[in-house]
Every structure is written in structure tokens, then in C-alpha cells.
Amino acid sequence: GINAENMGGLLEDLKAGAVELTSLNFSAALRNTFHGMSDFAMKTSETLVNALEVIAMDEQHYAERRRIETSYRSGGIDPLVGGLVSFSHGIVGGVGGLVKRPVEGFAKQGTVGAIKGVGKGLIGFFAKPAAGVLDIATGAATTVKNFSSKTSSQEDVKKSRLSRCCADAVGLLPRYNEEAARGQQLLYDLNNSDTNELFIALDNVTHKTCILVSSENIYYLKVYYGEHELIWKVSLSSLLHCYLQHRRDEKLSNSNSKSPQYCLILAIPSLQHIVNCNTEEAANIAIKHIEYSKNQWNERKDSIRLKAN
């Protein structure tokens, strides 16, 4: 109702708007002001509607009105649309009550009841549409309130760039690097956002494939129109060694051939993974990153063993 609590809420929003205004944040000041005024208008309309509900003395009609109200409050329909539906319901109820209430009164109390019913019908004829008008006002106020409910300090801030890598190859905080940030995001997409696994490097070995090296795994990926698809993954714990191999096939050794001339071999127990590489340089860069990550992994394992002993 129109009470100290409602006035207090209005004053709090106006106060917040004034604070934003002193900071020259005009949009936030307007949002706070509109939020407070619309919230106050909404609660005032609700109070008047409740009073009209008592005057009209038609519980069945207002039970349906409350159902409509519950629907838009729960997000089932837009508040303004809900107000218009309630107004239509009030028009139908008001006109229908001119006939319905006298008939009901006559059935219960005869002529006296019919006369009372005429009076109730006339009251409802004005009160029910009036309540519908107030429901439209409530719906409009609710829409404004919802629109202005977030101040600038509460708005979702859109990231201007991807999260930085917080550690470089030697564990130090590096400068921001967009390629490393993209590689880290790709790693989180592959490992379900496990931040304990650190990004080391992302190496393109051919124009269609790449290797992502992390602190725990080696990912072999297919690149397709900017999207990455996992081909296989090798954990550093199972990696025995990796090395470069030149393809000896005469057809592939042809300088005019576009097929990869080199391959990277990753040996794990009872299996070898072969990674085609366009150039020797690309293969050596990938080997360098893999060996570095494997050495770091071995150092962590030995450190854990020493601490345990």
C-alpha cells in the first residue's frame, strides 16, 4: 500500500539518482529516478485496485484478475500486455455484472436480493473497468521499473578482450598477448574450463592442423574455418619422447609436392602418434614446446615425490 515503506523505497532510489548525478553519470541518475517513481506508481495502483476489489464485492471476478496478475509477474506474459488483458476482463466483468448480480441476488433472496444485485452490478460496472485501467498503469510502471532496474554500476560489463595468460613459459606474468589469450580460451574449451591446466603454446603444423601444448596434455587439432576439432589427446604422463622424422617416400620428396615433407612422432607405450608438418621449422618449434612442457611436468612430479618423502 501507500505507506512509509513505499515512500522509503522511492526516497532511496531518488537518493541513489542524486549520487549518480553528482558523479555526472546522467543515464544512471535517470534510471534510478525512473525506477523509484515507477515502483511507487506500481504499488500505489495496486493499493487502489485492492480498494476497488473490496467495493465491487465480486470474489470470482477478482480471482481471475489475480490469475492474470500472477501470470505477468512470473514472466508468463509482458506486464503491459497483462494490464491490457486485465482491463478487457474488467470491461466484460463490469457489463456482465449488470445482469449476473441481480440474477444471483434474486436466486438467493428474491426481490430484495435482485435489488441488491442491481446495486452491486452498478458498482461493479464502474469499479471493474476502473481496476482494469489501474492494472494497465501497474503494467506500464512494472515495464519501466524492469527496464530501469539496473544502474550503470550493476550492468553487465562486456569484455573488450579475452582473459590473459597469467604465466609464461618460465612461470612469470607476461604482457598481454592476444594469440596466447586465444590459445588459453581454446584450452579451456577443450578441458571444460579446468584452470589448473596451464596453456603453453599453440603451434600450426599444417594449414589444416595444429598442436596445443599445455602443462598436462598435448592436443592435436583439426582447423576448419576458424573452428578447432580434437583429433586426439596425449597426456604428458604417458609421453615417452617425441622426435622429428623426414618422409623418405620418393613421391613425397618431390619438391613440387604439396604433401607434408616432415612428421612429428610422439611415442607413448605400445603406440606412436604421427603428426604431419609442412616444414622442418614448424616441427622443431612444436618439439621445443612439447619437450619444455614434458620437462616441467617431470620437475613437478619429482618435487611432489621429494615432499612426500
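Begin by selecting β5, β6 and β7, which form an open sheet of three strands in that order, with antiparallel pairing; strands here are DSSP runs (E, at least two residues), helices are DSSP runs too (H or I, at least four residues), and both are numbered from the N terminus. Two strands count as paired if DSSP finds at least two bridges between them. Because β5 (241–246) and β7 stand at the edges with a single partner strand each, one side of each is left without a neighbour in the sheet. From one strand to the next the twist averages 25°, where axes are lines fitted to C-alpha atoms, for helices over the stretch in contact, and angles run from 0 to 180 degrees between N-to-C directions.

Before going on, please note that this is a predicted model, in which local features need pLDDT of at least 70 and side-chain atom pairs count only at pLDDT 80 or more, while totals for chains, interfaces and linings use all residues. Residues are numbered from 1 along each chain as its sequence is written, and side-chain values use heavy atoms, with hydrogens and water left out.

Now select β5 together with β6 (residues 262–268), two antiparallel strands that are joined by six bridges. If you pick L244, its bridge partner in β6 is L264.

Next, move to H273, which is found in strand β7 (residues 271–277).

Y220 belongs to strand β3 (residues 217–224) and W232 to strand β4 (residues 227–235), 12 residues apart.

Finally, select P102 in helix α4 (residues 79–147), which is buried as well, with a relative accessible area of 13%. Not counting residues up to four places away in sequence, P102 touches G97, A114, G117 and V118. The C-alpha atoms of P102 and G119 are separated by 8.2 Å, although these residues are 17 apart along the chain.

Notes:
Buried means under 20% relative accessible area, exposed over 50%, partly exposed in between (1.4 Å probe, protein chains only). Contact means heavy atoms within 4.5 Å.
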